[in-house]
Amino acid sequence: MEAAAVAAVLGFLVLAAAGGSAGDEAREAAAVRELLARLLGPGPAAAFSVSVQRSLAAESGLDTYRLSGGAGAPVRVLGSTGVAAAAGLHRYLRDFCGCHVAWSGSQLRLPEPLPAVPEELTEATPNRYRYYQNVCTHSYSFVWWDWARWERELDWMALNGINLALAWSGQEAIWQRVYLALGLTQSEIDEYFTGPAFLAWERMGNLHTWGGPLPRSWHLKQLYLQHRILDRMRSFGMIPVLPAFAGHVPKALTRVFPQINVTQLGSWGHFNCSYSCSFLLAPEDPLFPVIGSLFLRELTKEFGTDHIYGADTFNEMLPPSSEPSYLAAATASVYQAMITVDPDAVWLLQGWLFQHQPQFWGPAQVRAVLGAVPRGRLLILDLFAESQPVYLRTASFHGQPFIWCMLHNFGGNHGLFGALEAVNQGPAAARLFPNSTMVGTGMAPEGIGQNEVVYALMAELGWRKDPVADLEAWVTSFAARRYGVDSKETEVAWRLLLGSVYNCSGEACTGHNRSPLVRRPSLQMVTTVWYNRSAVFEAWRLLLAAAPTLAKSPTFRYDLLDVTRQAAQELVSLYYTEARTAYLNKELVPLMRAAGILVYELLPALDGVLASDSRFLLGTWLEQARAVAVSETDARFYEQNGRYQLTLWGPEGNILDYANKQLAGLVAGYYAPRWELFMQMLVESLVQGRPFQQHHFEENAFQLEQSFVFSTQRYPSQPQGDTVDLAKKLFLKYYPRLVAGTL
């Protein structure tokens, strides 16, 4: 693609959201000042002067902030948008005050007086967009959120410079209006929607019906939330991405329109056609533009628009034809339905389909999709670019603009993980790619709330033209900000983590936790990892050594627990390996010893440590689900949805343990009983001299798993015990054995 054409495409997208009135500037400045007051309190917030002026970015058109003042004078923060001002504020708090803002807690001890900005500092982002979210995040992390939790997240987004994000709440209420207008009955609509914990996959056409129906109150609450989310996003100057029609329709539509041209797609995720095999409307069917425009018109009437829409027609599903002409027509029909309602529409497309099924998406097929929409009107998320970038093999998406995204986490799993070197180098490399059409960076995790160091780096890279020069120095300063003090022990611990769990590479590298701890046991479980386990154990020792001086820091306590959890996960692998070896060698006593320690000592100890922090409680997740309800019937329904997602995922364990978590209550009530059954059956097999029957174990394990899902047992939603004491006890019990090699 010619450089001039690239510039034209990028220029269109830069200008698409530029401009705005003086009223917009005043509103955005006020929103950032309110954020500042929520973050620091009214008194400290008064030491800052925040304003927004579009002219600050007049030359580049890119978000820009300027910092000045301090040392007795007000700290002046000027941004070209509210988001830019918030990012500038965050830069000041981070780099000048040594503060830290994170999901797990913030460290906001401000020096007095506030440090001066030595020279006026002006920073412009190298690209138009800093994107956030994955369609799956709405199910794995956001599903039970109330406004208070959304408000904290939107503040975090603004401070991290996010200016483009999905806003997909409440869309089922709009679809319900459209389906009723098209002649479907309420019962047909109820049968179509999935339950709350699985809506992400209904929205992408992968599933229907499973876990449903949605209560009427769900629609009302989600509409309310969506209005508040959109209002706050726009007050910061963020661009919300609304959903659009991708072509999937309920089967019941064939009753109303018997001549409709639909194709039933194949199954997804090991679900049968009772819950998958979605119906895809043919692009040439006259009803396609009718449905697409009906939905978008109703949606924008309710919520307004910022002209960017998301839709995924073939996410993890093979199209009915590989003919380029069909793929182009299917793509064009989605876009045409958008511009019928909104002539300024830009389509945000997750590029996961090209990465997930590369055998199908050959050069001709990819070109057909990318060429079916005018250049600059299709914005691609290169969703897993830190690991498997698609722009490299598609000539920068054949001229369509793209956002370099870090996916990082699959299923919202706990587990220390990151590919920081790849993340650090990736955006700059994509920018320098020949005729690059990169227009932004993004964070697209399936689930959030873990491995905050990875997101801190990625957010910072959205404002950097070049990679961080020294990651070891960067992670050292990250730890100092996080805890509010310099500590030799934590510095070394974080460098060890950077060189091990956060240096994921090679075939063993995966953003999905496959530890034996959280998997249904078998004799064939893989225990290899991409790092040296000794680095985790040494980091564990060092954090405990720092505990006497840092124990009052909430972020330190969180990290100590998280590293303790990771160490226990490693210990489970080691004891499992010992038990398997003993079984294969037909050694009963060593088998019973390893099994006994794992099931009756290690797992209960892990559950106890997790129980000391509200962020690691199953009860917290389940109480959040129940709090959405307006009746006890709904509360039980939501709770069961939440239990299913964490465990079986589908009625028959269809995507078993994909969304695994290490939560107090889940370890004791779900993982431990499964491990106990496995070890008991191994011992019985050895004693009786017969082969271990994996299928028999799995039948029995499924009964345990179902019992957990259907259980109404309540779990604590308040922490119990002291994290430092419990972590120390677990350490003193197992670390000496590790050193002595006597596990």
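How far is the sulfur of C405 from the closest cysteine sulfur, and which residue holds that closest sulfur?

Analyst: The closest cysteine sulfur to that of C405 is in C136, 13 Å away, which is too far for a bond. A disulfide here is a pair of cysteine sulfur atoms within 2.5 Å. C405 is also buried, at 0% relative accessibility. Buried means under 20% relative accessible area, exposed means over 50%, and partly exposed lies in between, with a 1.4 Å probe and protein chains only.

A word on the basis. This is a predicted model, so local features need pLDDT of at least 70 and side-chain atom pairs count only at pLDDT 80 or more, while totals for chains, interfaces and linings use all residues. Residues are numbered from 1 along each chain as its sequence is written, and side-chain values use heavy atoms, with hydrogens and water left out.

Now the other cysteines. The count comes to 1 disulfide. The bond joins C273 to C277, with 2.0 Å from S to S. A disulfide is a covalent bond between the sulfur atoms of two cysteines. The torsion about the S-S bond of C273 and C277 is about -70 degrees, so this disulfide is left-handed. Its two ends differ in cover. C273 is partly exposed, at 44% relative accessibility, whereas C277 is buried at 3%. C99 takes part in no disulfide; the nearest cysteine sulfur belongs to C97 and is 5.1 Å away. Like C277, C99 is buried, at 3%.

Strand β14 covers residues 402–406. Helices (H or I, at least four residues) and strands (E, at least two) are DSSP runs, numbered from the N terminus. The loop between β14 and α17 (420–432) holds H408. H408 has a positive phi of about 70 degrees, although it is not a glycine. H408 is buried, with a relative accessible area of 2%.

Another histidine has a positive phi. For H307 the angle is about 80 degrees, and again the residue is not a glycine. H307 sits in the loop between α12 (287–303) and β11 (308–310). H307 is partly exposed, with a relative accessible area of 28%.

The backbone has cis peptide bonds too. One runs from E112 to P113, with omega near -5 degrees. P113 is in the loop between α4 (82–95) and β4 (121–124). Another joins G212 and P213, where omega is about 0 degrees. P213 lies in the loop between α9 and α10 (216–236).

Next, a set of strands. Strand β3 (residues 75–79) is mostly covered, with 4 of its 5 residues buried. Two strands pair if DSSP finds at least two bridges between them. Strand β1 (residues 48–52) is joined to β3 by 5 bridges, and the two run parallel. F48 has V75 as its bridge partner in β3. Strand β2 (residues 64–69) is also joined to β3 by 5 bridges, but this pair runs antiparallel. Here L67 has V77 as its partner. β2 and β3 form a hairpin with 5 residues between them, and G70 in the turn has a positive phi of about 95 degrees.

On a 1 Å grid over the protein atoms alone, a cavity is a set of points where a 1.4 Å probe fits but cannot get out; a pocket is an open set with protein on both sides within 12 Å along at least five of seven lines; lining residues have an atom within 4 Å of a point. Grid points are joined across faces, edges and corners, and a volume is the space filled by probe spheres set on the points.

There are 8 cavities of 30 Å³ or more. The largest cavity holds about 160 Å³. Its lining has 16 residues, and W175, R203, A244, A246 and H248 lie nearest its centre. The elements giving two or more residues to this lining are α7 (171–182) and α9 (199–203). α7 gives the largest share, 3 residues.

The largest pocket holds about 1200 Å³. Of its 40 lining residues, W103, W145, R149, R152 and Q624 are closest to the centre. α6 (147–159) is one of the elements that supply at least two lining residues. Its share, 7 residues, is the largest.
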